[in-house]
Amino acid sequence: MIEVYGAQASGSIAVEAALTLLALPYKLIEGATWAQESARERVAPVNAMRQVPTLIYPGGETMTESAAILIDLADRHPASRLSPALDDSRRRQFLRWMVYVSSAIYSLHWIKPDVRRIGAPPASREAVVDAVHERIAFCWQNMDAQLEPDRYLLGGHLTVLDLYVTVVSRFGPWRKRFYAAAPKMTPVVKRVDAEPRLAEFWGRRFPFDDGWE
């Protein structure tokens, strides 16, 4: 069975959602590594960065980096159509935006738990987080300006890019800001929010509690 080191309301949720859509059983090893030293120590033997998501395949191979995991899972199961095939005209843009979300947006959230990571004093945390959120909103706006979504971001079929954007857009500066910055992507993430195959999963792993947007 696949093992997933993850946490509620974290970047591992996109990976867990993909596994759910693929109907692949997995063992979840829960722990918020950004907040709990015990969780960091638990994942350390398989990921020196001590971060989630970290995925261990049945043969013992380790996969880290959320975008890489999502692409790998989708490509291993082509019948799911969760990624465009290598000869699909959408493949380049799929790879482009998967890496963009990871590097330009998701990576910025690493700063927020401890602004000393970028050399800022703890007393400046509020200003740093505000600046991070401004940058994230700009990056969503930039992505939105270059996409012409159909039912989903790259056409008529849901891919792991849709899952990735749906999950990461729920982090700060929160969905209402995302809706304003990315009006063309907004109907897509709302459609993924309402995906029937994920209804139970969302409720368990990333609930739509009051005020979540």
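In these legends a residue is called buried when its relative accessible area is under 20%, exposed when that area is over 50%, and partly exposed in between, the area being computed with a 1.4 Å probe on protein chains only. The model is predicted, so local features need pLDDT of at least 70 and side-chain atom pairs count only at pLDDT 80 or more, whereas totals for chains, interfaces and linings use all residues. Residues are numbered from 1 along each chain as its sequence is written, and side-chain values use heavy atoms, with hydrogens and water left out.

**View 1. A salt bridge between glutamate 16 and arginine 205.** The closest N and O atoms of glutamate 16 and arginine 205 are 2.8 Å apart, a salt bridge being a side-chain nitrogen of Lys or Arg within 4 Å of a carboxyl oxygen of Asp or Glu. Glutamate 16 belongs to helix H1 (residues 12-21) and arginine 205 to helix H9 (residues 199-205), so the pair ties together parts that are 189 residues apart in sequence. Helices (H or I, at least four residues) and strands (E, at least two) are DSSP runs, numbered from the N terminus. Glutamate 16 is buried, with a relative accessible area of 0%, and arginine 205 is also buried, at 5%. The structure holds 14 salt bridges.

**View 2. The salt bridge of glutamate 37 with arginine 50.** These two side chains meet at 3.2 Å, N to O. Glutamate 37 lies in helix H2 (residues 37-43), while arginine 50 lies in the loop between H2 and strand E3 (54-56), 13 residues apart, and the pair links distant parts of the chain. With relative accessibilities of 38% for glutamate 37 and 27% for arginine 50, each residue counts as partly exposed.

**View 3. The salt bridge of arginine 116 with aspartate 114.** The closest N and O atoms of arginine 116 and aspartate 114 are 2.9 Å apart. Arginine 116 counts as exposed, at 55% relative accessibility, whereas aspartate 114, at 23%, counts as partly exposed. Elsewhere, salt bridges that share partners join Glu37, Arg40, Glu41 and Arg50 into one network.

**View 4. The largest pocket.** On a 1 Å grid over the protein atoms alone, a pocket is an open set of points with protein on both sides within 12 Å along at least five of seven lines, a cavity is a set of points where a 1.4 Å probe fits but cannot get out, and lining residues have an atom within 4 Å of a point. The largest pocket has a volume of about 890 Å³, a volume being the space filled by probe spheres set on the points, which are joined across faces, edges and corners. Its lining comprises 32 residues, of which Trp34, Val52, Tyr106, His109 and Trp110 lie nearest the centre of the pocket. By class, this lining has 14 nonpolar, eleven polar and seven charged residues, where Ala, Val, Leu, Ile, Met, Phe, Trp, Tyr, Cys and Pro count as nonpolar, Asp, Glu, Lys and Arg as charged, and the others, Gly among them, as polar.

**View 5. The largest cavity.** By the grid rule there is one cavity of 30 Å³ or more, and about 30 Å³ of space lies in the largest cavity. Tyr5, Ile29, Glu30, Gly31, Thr33, Ala39, Arg42, Val43 and Val52 line this cavity. The largest share of the lining, three residues, comes from H2.
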